[in-house]
Amino acid sequence: MSGTPIPEVPNVESAVSTNRSGTISVRATSMGLPIALKFERSEYQFGAQALADEILRLTRRSTIAAAAKLREVYSEQAQIPDELLDKMNLPTRRQAVDELDRIDDADTGQTSWMRPL
């Protein structure tokens, strides 16, 4: 064994996503487990299915953001090579942004007249 200490790497990364109006908020881990949920009473007016759908959408957003943060931690602190991080299905920051934009576009429709090349 060498005398090099093993770097401390957190084993759970999480992120928070909030809807546009700020009335629903979900914290989820990089594995997709929602660990905190907050919503205002006014959300009940839209029905249980609408509330559940929004919670799931925000959970997916939080999961993607947390997985991208975890990739950065593993890459920088633990110095895990990109090839292994790719095999772990941890998205790069760019991939995460693209996926979050895709989720938002699916929810609201296209927000720009410009189309991707």
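This is a conversation about how the terms used for this predicted model follow from its values.

Colleague: What kind of model is this, and which residues count?

Modeller: The model is predicted, so local features need pLDDT of at least 70 and side-chain atom pairs count only at pLDDT 80 or more, while totals for chains, interfaces and linings use all residues. Residues are numbered from 1 along each chain as its sequence is written, and side-chain values use heavy atoms, with hydrogens and water left out.

Colleague: How many helices and strands does the chain have, and in what order do they run?

Modeller: There are three helices and three strands, and from the N terminus the order is β-β-β-α-α-α. Both kinds of element are DSSP runs numbered from the N terminus: helices are H or I with at least four residues, strands are E with at least two.

Colleague: What makes β2 and β3 a pair?

Modeller: Two strands pair if DSSP finds at least two bridges between them. Strand β2 (residues 24-29) and strand β3 (residues 34-39) are joined by five bridges and run antiparallel, so they meet the definition. Within this pair, Val 26 has Leu 37 of β3 as its bridge partner. The two strands form a hairpin with four residues between them, and Gly 32 in the turn has a positive phi of about 95°.

Colleague: How many bridges pair β1 with β2?

Modeller: Five bridges, again in the antiparallel sense, with β1 spanning residues 14-18. Ser 14 stands opposite Thr 29 in β2. This hairpin has five residues between the strands, and Gly 22 takes a positive phi near 75°.

Colleague: Why is Ile 55 called buried?

Modeller: Buried means under 20% relative accessible area, exposed means over 50%, and partly exposed lies in between, with a 1.4 Å probe and protein chains only. Ile 55 has 18%, so the residue is buried. Across the chain, buried residues make up 31% of the 117 residues.

Colleague: Which residues does Ile 55 touch?

Modeller: Ile 55 is found in helix α1 (residues 48-76). Not counting residues up to four places away in sequence, Ile 55 touches Ile 24, Val 26 and Leu 37; a contact means heavy atoms within 4.5 Å. For the chain, 52% of the contacts with a separation of 6 or more are between residues 24 or more positions apart.

Colleague: How many aromatic pairs are there, and why is the pair of Phe 39 and Tyr 44 called edge-to-face?

Modeller: A search of the whole structure finds one aromatic pair. The ring centres of Phe 39 and Tyr 44 are 5.7 Å apart and the planes are at 85°, so the pair is edge-to-face. The rule is that rings of Phe, Tyr and Trp (its six-membered ring) pair if their centres lie within 6.5 Å; planes under 30 degrees apart count as stacked, over 60 as edge-to-face and the rest as tilted. Phe 39 is partly exposed at 29% relative accessibility, whereas Tyr 44 is exposed at 53%.

Colleague: What makes the contact of Asp 104 with Arg 57 a salt bridge?

Modeller: A salt bridge is a side-chain nitrogen of Lys or Arg within 4 Å of a carboxyl oxygen of Asp or Glu. For Asp 104 and Arg 57 the N to O distance is 3.4 Å, so the pair qualifies. This pair links distant parts of the chain, 47 residues apart: Asp 104 is in helix α3 (residues 93-108) and Arg 57 in helix α1. Arg 57 is buried at 8% relative accessible area.

Colleague: How many salt bridges does the structure hold?

Modeller: Nine. One of them joins Asp 82 to Arg 71, with the closest N and O atoms 3.7 Å apart. That pair links helix α2 (residues 82-87), where Asp 82 lies, to helix α1, where Arg 71 lies, 11 residues apart. Asp 82 is partly exposed at 43%, and Arg 71 counts as buried at 7%.

Colleague: Why are Glu 99 and Arg 102 separated by about one helical turn?

Modeller: Because they are three residues apart in helix α3. Elsewhere, salt bridges that share partners join Glu 54, Arg 57, Arg 61 and Asp 104 into one network.
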